[in-house]
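Look at the sequence and the fold below before reading on. The report then goes through the model part by part.

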Amino acid sequence: KNVYTTLSNGVYINKNTLLLIHHHFAPAEYVLRKNVFLLGVEDDVAKFVELDSDIDLFNIRKYPIFYMIQTFCTKRMIILPLKDFYDLVDSIDTSDRNVVWLFHTLRCGSTVWSQVFAALPKWKVISEAQCMIYTLLQCRNILNISEFAKTEEFEKIVVATIKMHMFLAPKGHSIFWKTIRFDEHMIPIIRKHFPSHKLLFAYRDCAPCSSSFYKSFGRDPSLMNNVAHTCKELSGDNDDGLHRNAIARSTWLFFTNGYNTEFCLKVFKKCKPYPNGFEFFVLSWVTKLALISEFQKEGINFHLLKYEDLQKDPVSVIQTLFTHLGVSSELIGLARETMKQDSQAGTFFSQESKKSNRDWLRTPDSDMRCNALLREFNLPSLDSATVL
């Protein structure tokens, strides 16, 4: 059993290509070393990244988002044949570790919750690891993630992904797993294979959530260029552009969360959202809630964490959550102190960094398009409170 290990300090060709240099062969167990993280699962191999030894990715105060550090601080890339990867996963025992999953819309206090649990004794936080995004966007040319999520192949990938990440935590620890886009498609598989895991969903009312996204990310030139490019590909009578164009496909999936492609395309063409950060985030928000609502109808229960409730009465929200999870109420004070800090300090979207960013300026036409989107998903209007 060998892994094919390469160095990331190869030759940078362009934004899509990096020529890596072979370093050495090693036993498959090499990927169980400290600071080695699963990047994604392809058709025939599993890929891992190894970070420098001085980077503690579980220091959530310093590194609030996993994928940002995994992207920029990789020392080596490790490639493991798929059969050897699954054999290795089968040998891993994670029965003494448990997971609490936080699914969420963006801009709803999810990073604050990561900081809270990172401060608690015998808890480790996995915060937005990029495995599902890499696996679904980069490794497979699929457009309908909802359909792929029903396959045996996806189920096998998900179980292996969860076990590999659970193994990162010390024995006997609990894991607070703040999810990333597309992770919602794992929920039925989590319920089937890891029934003791508890599921949380954090959300915020549509208008303030979308406004916050716009102020944090919605004017990013690269992101908005991709959005405009995607709208151009969707302007014709057919949708071939999403199949043949990688940028359009990934941007579309990013903002629809991989939810029911046929329905989303129909709604998009009917409501015609403009290519801006606010209206496209409304599309993201409604599809995220649609996924969670469908799982609720299937009998999957979530403990709900609404941002507005947390702002109004933080102690009550924390106490209810801690009771639900079996966390000592004596730690509520620690949680409150942790919440006073900027959970995204050091990032380009920290509270300090956002001060100079423009707020979204609403218009009647934009509100009309957003409300049309909301109606298509049977959700209340833009300025209404949302209750799941």
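Residues are numbered from 1 along each chain as its sequence is written, and side-chain values use heavy atoms, with hydrogens and water left out.

The pLDDT is the predictor's confidence in each residue, from 0 to 100. The protein averages a pLDDT of 91, and 94% of the residues score at least 70. Over residues 4-15 the pLDDT is below 50. Where pLDDT is low, the predicted coordinates should not be read in detail.

Helices (H or I, at least four residues) and strands (E, at least two) are DSSP runs, numbered from the N terminus. An open sheet is built from five strands in the order β7-β8-β6-β9-β10, with parallel pairing. β7 (123-127) and β10 (303-306) are the edge strands with a single partner each, so one side of each has no neighbour in the sheet. From one strand to the next, the twist averages 20°. Two strands pair if DSSP finds at least two bridges between them.

| Strands | Bridges | Sense |
|---|---|---|
| β6 and β8 | five bridges | parallel |
| β7 and β8 | five bridges | parallel |
| β9 and β10 | four bridges | parallel |

Facing residues can also be named: Trp101 stands opposite Trp177 in β8, Val125 opposite Phe176 in β8, and Tyr203 opposite Lys306 in β10. Buried means under 20% relative accessible area, exposed over 50%, and partly exposed in between (1.4 Å probe, protein chains only). Strand β8 (residues 174-178) has four of its five residues buried, so the rest of the structure largely encloses it.

A nonpolar core is a set of buried Ala, Val, Leu, Ile, Met, Phe, Trp, Tyr and Cys residues joined through side-chain atoms within 4.5 Å. The largest one has 134 residues, and Phe48, Phe85, Trp113, Phe117 and Phe322 have the most contacts inside it. Helix α13 (residues 277-297) gives the largest share of this core, twelve residues. Contact means heavy atoms within 4.5 Å. Leaving aside neighbours within four places in sequence, Phe322 is in contact with several residues, including Val116, Phe117 and Leu331.

Thr111 lies in helix α3 (residues 110-119). Thr111 counts as buried because its relative accessibility is 4%. Not counting residues up to four places away in sequence, Thr111 touches Pro64, Lys178, Ser343 and Gln344.

How values were computed: This is a predicted model: local features need pLDDT of at least 70, side-chain atom pairs count only at pLDDT 80 or more; totals for chains, interfaces and linings use all residues. Axes are lines fitted to C-alpha atoms, for helices over the stretch in contact, and angles run from 0 to 180 degrees between N-to-C directions.
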